[in-house]
Amino acid sequence: MWNVLWGFFGRIPARVLIALVAIVLLLGGLWGFTYRLDQWRQALSSAQEDARSAHELAQRQQLVARAWQAHAEHLAEVGARREQQLEANQKALAGKRQQLERIINDDQTSKKWADHAVPDGIHQWLRQLAASDNAGDGATAPHAPLPDPAPAGTAGHRQYPHQSGSRLVADGLRTAATANEH
């Protein structure tokens with residue numbers, strides 16, 4: 001077979017044969033280079049797509065981070081306002097308590113009134129007023145003064161209505177009968 005090939009190529013001048021071999025080698029090299037170039041293009045395209053995806057992901061993550069940061073700042077502001085409001089409420093409550101203590105302890109008229117007994121007639125009238133308001137019809141019945149069944153004096157009054165005890169009526173005031181027991 002070599003003889004056939006050598007015989008065939010033996011008729012072709014050496015320069016042409018060398019030129020043909022060089023052209024075949026160049027074409028093979030060019031084909032290899034274009035194949036490798038195509039691989040590089042695909043790798044570059046894939047890398048660019050990955051970079052684009054990573055950039056989009058980074059932008060989304062930054063957007064989410066900004067949203068969380070804004071939410072955290074909002075919560076911090078709400079918490080600070082709540083703390084300020086709570087502090088203001090506590091100061092106001094402390095002021096009201098001090099004012100009440102000052103009124104109870106310093107004002108002789110208020111002290112006498114706080115130590116004074118509540119008459120049975122007033123107590124009954126308050127109970128009737130509460131009962132008529134709890135009827136649910138929205139109308140208030142006219143209230144006539146009630147007679148005080150107990151005679152005037154310490155036995156006919158409710159003493160220390162602000163103190164709690166075991167025998168209290170529904171509105172928190174002691175009856176005349178229990179006022180002397182304590």
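Let's start with surface. The protein chain exposes about 15100 Å². Carbon and sulfur atoms supply 61% of that area. Keep in mind throughout that this is a predicted model.

How much of the chain is buried? Of the 182 residues, 9% count as buried.

Now the layout. There are five helices and two strands. Going along the sequence, the order is α-α-α-β-α-β-α. On contacts, take the pairs at least 6 residues apart in sequence. Of those, 47% join residues at least 24 apart.

Next, confidence. The mean pLDDT over the protein chain is 76. A score of at least 70 is reached by 64% of the residues. Where is confidence highest, and where is it lowest? Helix H2 has the highest mean, at 92. Strand E2, residues 157-158, has the lowest, at 44. And look at residues 150-182. The pLDDT is below 50 over that stretch. In the model, the stretch still has 60 contacts beyond near neighbours in sequence. A word of caution here. Where pLDDT is low, the predicted coordinates should not be read in detail.

So let's move to helix H2. This helix covers residues 14-106. I'll take the aromatic residues, then a nonpolar patch, then the charged pairs.

Aromatics. The search of the whole structure turns up one aromatic pair. The partners are Trp 31 and Tyr 35, and the pair is stacked. Their ring centres are 5.9 Å apart, with 15° between the planes. Why are these two side by side along the helix? Trp 31 and Tyr 35 are four residues apart in H2, so about one helical turn separates them. Are they buried or exposed? Trp 31 is exposed, at 61% relative accessibility. Tyr 35 is partly exposed, at 48%.

Now the patch. Five residues make a nonpolar patch on the surface: Ile 23, Leu 27, Leu 30, Phe 33 and Trp 40. Together they have about 550 Å² of accessible area. Take Leu 27 as one of them. Leu 27 sits in helix H2. Its relative accessible area is 53%, and the cut-off for exposed is over 50%. Therefore Leu 27 counts as exposed.

Now the charges. Side chains of opposite charge can pair when their charged atoms come close. How many salt bridges does the search of the whole structure find? There are three.

Bridge one: Arg 52 with Glu 49. The N to O distance is 2.7 Å. Both residues lie in H2, three residues apart, about one turn of the helix. Arg 52 is partly exposed, with a relative accessible area of 44%. Glu 49 is partly exposed too, at 41%.

Bridge two: Glu 56 with Arg 60. Here the closest N and O atoms are 3.7 Å apart. Both residues are again in helix H2, with a spacing of four residues, about one turn. Glu 56 has a relative accessible area of 38%, which makes this residue partly exposed. Arg 60 is also partly exposed, at 48%.

What separates them along H2? They are four residues apart in the helix, so the separation is about one helical turn. Lys 91 counts as exposed, at 56% relative accessibility. Glu 87 counts as partly exposed, at 45%.

To recap. The chain has five helices and two strands, and 9% of its residues are buried. Helix H2 has the highest confidence, at a mean of 92. Trp 31 and Tyr 35 are stacked, about one helical turn apart in H2. Three salt bridges turn up in the whole structure. For residues 150-182, remember that the pLDDT is below 50.

How values were computed
Residues numbered from 1 in each chain as written. Predicted model: local features only at pLDDT ≥ 70, side-chain atom pairs only at ≥ 80, totals over all residues. Heavy atoms only, no water. Buried < 20%, exposed > 50% of the residue type's maximum accessible area, 1.4 Å probe, protein only. Contact = heavy atoms within 4.5 Å. Areas by Shrake-Rupley, 256 points an atom, 1.4 Å probe, with all protein chains shown as cover. Phe/Tyr/Trp six-rings, centres within 6.5 Å; stacked < 30°, edge-to-face > 60°. pLDDT = per-residue confidence, 0-100. Patch = residues over 30% accessible without salt bridge, like charges linked within 9 Å, V, L, I, M, F, W, Y side chains within 5 Å. Salt bridge = Lys/Arg side-chain N within 4 Å of Asp/Glu carboxyl O.
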